[in-house]
Structure formats: C-alpha cells, structure tokens
Amino acid sequence: MAALPGLVEFRINGSIRCDGFGSQMETMVNKYSTKWLTIFVHPLILNRMVERSNIALDPVFRALGDPTRRAMLRTLATGERNIGELAAPFRMSFAAASKHVKVLEGAGLVRRRVQGRRHVCRIQPAPLAAADEWLQFYHRLWTEQLDRLDALLESEDRRATERPKGKDAKR
Amino acid sequence: MSATAQVKVTRHFNASPERVFDAWLEPQTVGKWLFATPTGQTVRVEVDARAGGKWIIVDRRNGEDVEHSGEYVEIDRPRRLVFTFRVPKYSSLTTEVTVEIEPGESGCDLTLTQTNVPAEYLGSNEKGWTGILVGLAEYLAQYVAEHI
C-alpha cells in the first residue's frame, strides 16, 4: 500500500526542520516531499490521525530503542512481511522474531494478521508521526526558552546602561 | 549523521559565555526565563548546581502547577552543561539536555541538544531511532525516484 509510507514521509520532512538529520537528508527530502504531499496525503489527515489515536510515546521510544526492531521497521516500510521474512536477516528463530514484533505491536508500530499459517505484519506510521510531533514540540519549546533568555539578558543590559555605572554591572 | 541527537537549537547571544552559562544555574536568574510561560508564574526554583545535584522549576499556569525537574550530569563553566529533564505531569520519559557555549566575536554561540531516549532504553553507541526515519526516507526517496 503505497499511501502508507507517504504518511511517514510528510512527518519526516517536518522533523528535518528541527535539525534532527544531516544536510544530505534535508536535500533529499526537500526534493521529493512536495510531490509526496500532493500525490498521497494532505497533512491535515495525518494530524487528525495523530490527535485521535492518542498515542503513548513511551512504548514507541522503547520499541525504537532496539536495533533489530528498527531494522524490522525499515523492512516493513517497503511492504508487508511475514515473521519468517522479518527473522531471516538476523538468523533468529520465529519465536525470537515474534517477540520483537510483539513489542512493535504493543507500541502500535506494527499490525499483524494471521493468514493461515502466516503471520503478516504491516507498519503503522501514526506512532512514528506522533514521535516526530513530540520532537517538534521540544524544538519549539527550546527555541522559546532561548528567546526568553536572550530577551532577559538584553533587558538587563539596557537597565545597566541606564543606571549610573558601577552598580549591578553583572545583573 | 547524528545518532541519537534529536532536537538541536543554536543561538547567538551578545552576552559573554560566563553570563549565559550562569543564567542556567543562578536560581534567581533561571527562574526568570527557563520554563516560565508568559501567562504563568514561576513558583518554585531549586538548583543544586553540582554533578548529581537536582533541579526543580515549577510553573503555575491557570492555578495548575507544572513541575520541570532533573539532575545535573556535567557542569563545566562556562563551556558545557548537561542535565536530565523530565516533566512528570506529561511524560515518564527522562531526556538529557546538553548546552554547549562557544565564545564568539561578540558574545557567544549556544548549542542545545536534547536526546529523547534515555540510556536504559538505548545503548550509548548504537544508532538512535532516527535511523528508522532516515531509513524510511531513504526508501521513500528511492521509491519516488523509481515510480514517479
């Protein structure tokens, strides 16, 4: 389902504005993001998706904290896979892979459906988008904090120059 | 590519590195700006400015107290300050904030980095979860190149 990763793409583009990635990424995504937006999804749809789903971020970050699970997600971004296919690159047992998938499921990052004997997994982009939103929130927060610090220091300087010198030079 | 560094903000200040650095640790100064919202009021500031020391800043917004707290990890005046940061009311995640101050021609340049995933969730030298987003973006860019 091509539209699915398209959702993620939009948010990736958003997070690049908060300097989370290298400049190479920035160029690459800038080059393509508009196309993705117009072709696949309006950003509002995703915003609503994130709002409505009320995603808990802790399990998302916990799930993403493991390299095997990240690799699995990367694979799933290219399309659906069954557990065996996800396990293959790691030479791990079905049970071990299933355990990882369970963590991803718990975080809402993956949905699994049983088709006969196959467990087919599909990526769910909303939690990734929510995680990205979280990052953007903090970017705004820190920008505001530093704005305020700058304003405070400037106002102290102004007050210091208005006063007779010698007093309160540091404040 | 940055590994776990997630949020990064840089800013130039006309003030000296020492003054900007101290603004983070002097209780009477830090309470005037850090986590102070325009409509809120800072009602509690505690700063135990040593490695391992705790800090708490409480902002009252519409009668509701919001606590920001953490521990100092590294204090190297005036260059580098590292502290953990959490807002228990909104999240159980603890993040780490690094403030680096470089002297410039007039004043200094500050770089703030916040890593979102605490150490217990993520080994210190492995790639952060941004790897996923990067991986996805790489895939998507390739997909677009091939299909569109």
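Tutor: Two strands pair if DSSP finds at least two bridges between them; helices (H or I, at least four residues) and strands (E, at least two) are DSSP runs numbered from the N terminus. The model is predicted, so local features need pLDDT of at least 70 and side-chain atom pairs 80 or more, while totals for chains, interfaces and linings use all residues. Residues are numbered from 1 along each chain as written, chains are lettered from A and ligands numbered from 1 in written order, and side-chain values use heavy atoms, without hydrogens or water.

Student: In what order do the three strands of the sheet in chain A stand?

Tutor: The order is β1-β3-β2 in chain A, in an open sheet with antiparallel pairing. Strands β1 (81-82) and β2 (110-115) of chain A are at the edges with a single partner strand each, so one side of each has no neighbour in the sheet.

Student: How many bridges join β2(A) and β3(A)?

Tutor: Six bridges join β2(A) to β3(A), which covers residues 118-123, in the antiparallel sense.

Student: And which residue of β3(A) is the bridge partner of Val114(A)?

Tutor: Val114(A) has His119(A) as its bridge partner in β3(A).

Student: Which strands does helix α5 of chain A touch?

Tutor: Helix α5(A), residues 67-76, packs on the sheet and touches β1, β2 and β3 of chain A. Contact means heavy atoms within 4.5 Å.

Student: What about α7 of chain A?

Tutor: Helix α7(A), residues 94-106, also packs on the sheet, touching β2 and β3 of chain A.

Student: Which residues of α5(A) meet α7(A)?

Tutor: Thr68(A), Arg69(A), Met72(A) and Leu73(A) of α5(A) meet residues of α7(A). Their partners in α7(A) are Ala97(A), His100(A), Val101(A), Val103(A) and Leu104(A).

Terms used: Axes fitted to C-alpha atoms, helices over the stretch in contact; angles between N-to-C directions.
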